[in-house]
Amino acid sequence: MANTLIIGKEFPDCLEFAQAIAGFGRKVFGVSKSQAEDAKVDFENIFSTTWNKSSAVSAHTLIIQAENRLEHIDEVLFYFDANNFCTKYNSDKTEEISVGVDNMMTSFFYFTNELLKRIEQRKEKICVCFLVKEYPSKYEIISSKAAGIVPASTIVSSAQSSFKTLAENFSTNVVGRDYLSVILAKCGHDNELYKSDDAVANWIASSFDTLHNLKNPQTAKHSGTWNKVGSKIQTGFSLFR
């Protein structure tokens, strides 16, 4: 049984996704929006905690908590759901900036940094996936002349771009680390799986399984290639030992 840690999309919003992942024979550790929501997470093979997204120490503590609960972490999923974030930061009011930056940017910076340090300490095989469920910006909507879509706020669009840059740079860390594999995954607003977290989770679990079965370590070329959710993941290698 593989163990999966999910960062980004939180309980209760990620419950459907987490249950689908757990349905693939996995134990799942995630994050809840609050202690009140954390107390409601009482499902088989699904666990959660809370953390301070503006603290590197809290990020490190979360990793240790997940290891203690799961015994070991085989997979880490960074899930940037722009559509979900749009429901929380749908304007560009000054009072939303600080919280929005912490939740959509700072948290990912701190956690990827602490995770990489932990991976270096343990040197045990692990798969890391960056999943972005994209939402169009004002610029993209005007450029494509799309109609009937309310664009993402500037802060969400900026955070989405930041997440993708972070993912691309993290993917280069597979060089010289045969124990680390990385998946970059995009789910565009026009993707047929976009509205189903269950379907997206099925694809993620299948993609993780594909990497677990790779005969050879990834190269930076393949770890740094964006994959369309729903399509065959690009590996460049034989999938059989």
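Reader: Which element gives the largest share of the lining of the second largest pocket?

Author: That's α5, with three residues. Keep in mind that we're looking at a predicted model. The general idea goes like this: rolling a probe the size of a water molecule over the atoms shows where empty space is left. Here, the second largest pocket holds about 190 Å³ of space. It has 15 lining residues, and G8, E10, K53, F85 and N103 are the closest to its centre. The elements giving two or more residues to this lining are α4 (82–86) and α5 (94–122).

Reader: How do the residues of that lining divide into nonpolar, polar and charged?

Author: Five are nonpolar, four polar and six charged.

Reader: And what is the volume of the largest pocket?

Author: About 250 Å³. Its lining has 15 residues, with K125, S181, L211, H212 and L214 nearest the centre. β5 (126–133) and α8 (197–212) are the elements that give two or more residues to this lining. By type, you get six nonpolar, four polar and five charged residues.

Reader: How many cavities of 30 Å³ or more are there?

Author: The count is one, and the volume of that largest cavity is about 120 Å³. Of its 13 lining residues, E67, I73, I119, R122 and I126 sit closest to the centre. Two or more lining residues come from each of α3 (56–70) and α5, and α5 has the largest share, with four.

Reader: Let's move on to strands. Is β4 buried or exposed?

Author: Start with the general idea: in a regular strand the side chains alternate between the two faces of the sheet. Now take β4, residues 75–81: seven of its seven residues are buried, so the strand is largely enclosed by the rest of the structure. One side carries E75, L77, Y79 and D81, the other V76, F78 and F80, and both faces are covered.

Reader: Which strands pair with β4?

Author: One is β1 (residues 2–7), which runs parallel to β4 and is joined to it by four bridges. Look for T4, whose bridge partner in β4 is E75. Another is β5, also parallel, with seven bridges to β4. There, Y79 stands opposite L131.

Reader: Last topic: how many salt bridges are there?

Author: First the idea: side chains of opposite charge can pair when their charged atoms come close. In this model the count is 16. K9 is in the loop between β1 and α1 (15–22) and D197 is in helix α8, 188 residues apart.

Reader: Are K9 and D197 buried or exposed?

Author: Here you need the cut-off: buried means under 20% relative accessible area. K9 is at 7%, so it counts as buried, and D197, at 5%, is buried too. D197 also forms a salt bridge with K133 (3.0 Å, N to O). That pair joins strand β5 to helix α8, so it ties together parts 64 residues apart in sequence. Salt bridges with shared partners join K9, D81, K133 and D197 into one network.

Reader: What does E134 meet in a salt bridge?

Author: The side chain of K164, at 3.0 Å, N to O. E134 lies in the loop between β5 and α6 (138–144) and K164 in helix α7, so parts 30 residues apart in sequence are tied together. E134 is buried at 17%, and K164 is buried at 16%.

Methods: Residues are numbered from 1 along each chain as its sequence is written. This is a predicted model: local features need pLDDT of at least 70, side-chain atom pairs count only at pLDDT 80 or more; totals for chains, interfaces and linings use all residues. Side-chain values use heavy atoms; hydrogens and water are left out. On a 1 Å grid over the protein atoms alone, a cavity is a set of points where a 1.4 Å probe fits but cannot get out, and a pocket is an open set with protein on both sides within 12 Å along at least five of seven lines; lining residues have an atom within 4 Å of a point. Grid points are joined across faces, edges and corners, and a volume is the space filled by probe spheres set on the points. Ala, Val, Leu, Ile, Met, Phe, Trp, Tyr, Cys and Pro count as nonpolar, Asp, Glu, Lys and Arg as charged, and the others, Gly among them, as polar. Buried means under 20% relative accessible area, exposed over 50%, partly exposed in between (1.4 Å probe, protein chains only). Two strands pair if DSSP finds at least two bridges between them. A salt bridge is a side-chain nitrogen of Lys or Arg within 4 Å of a carboxyl oxygen of Asp or Glu.
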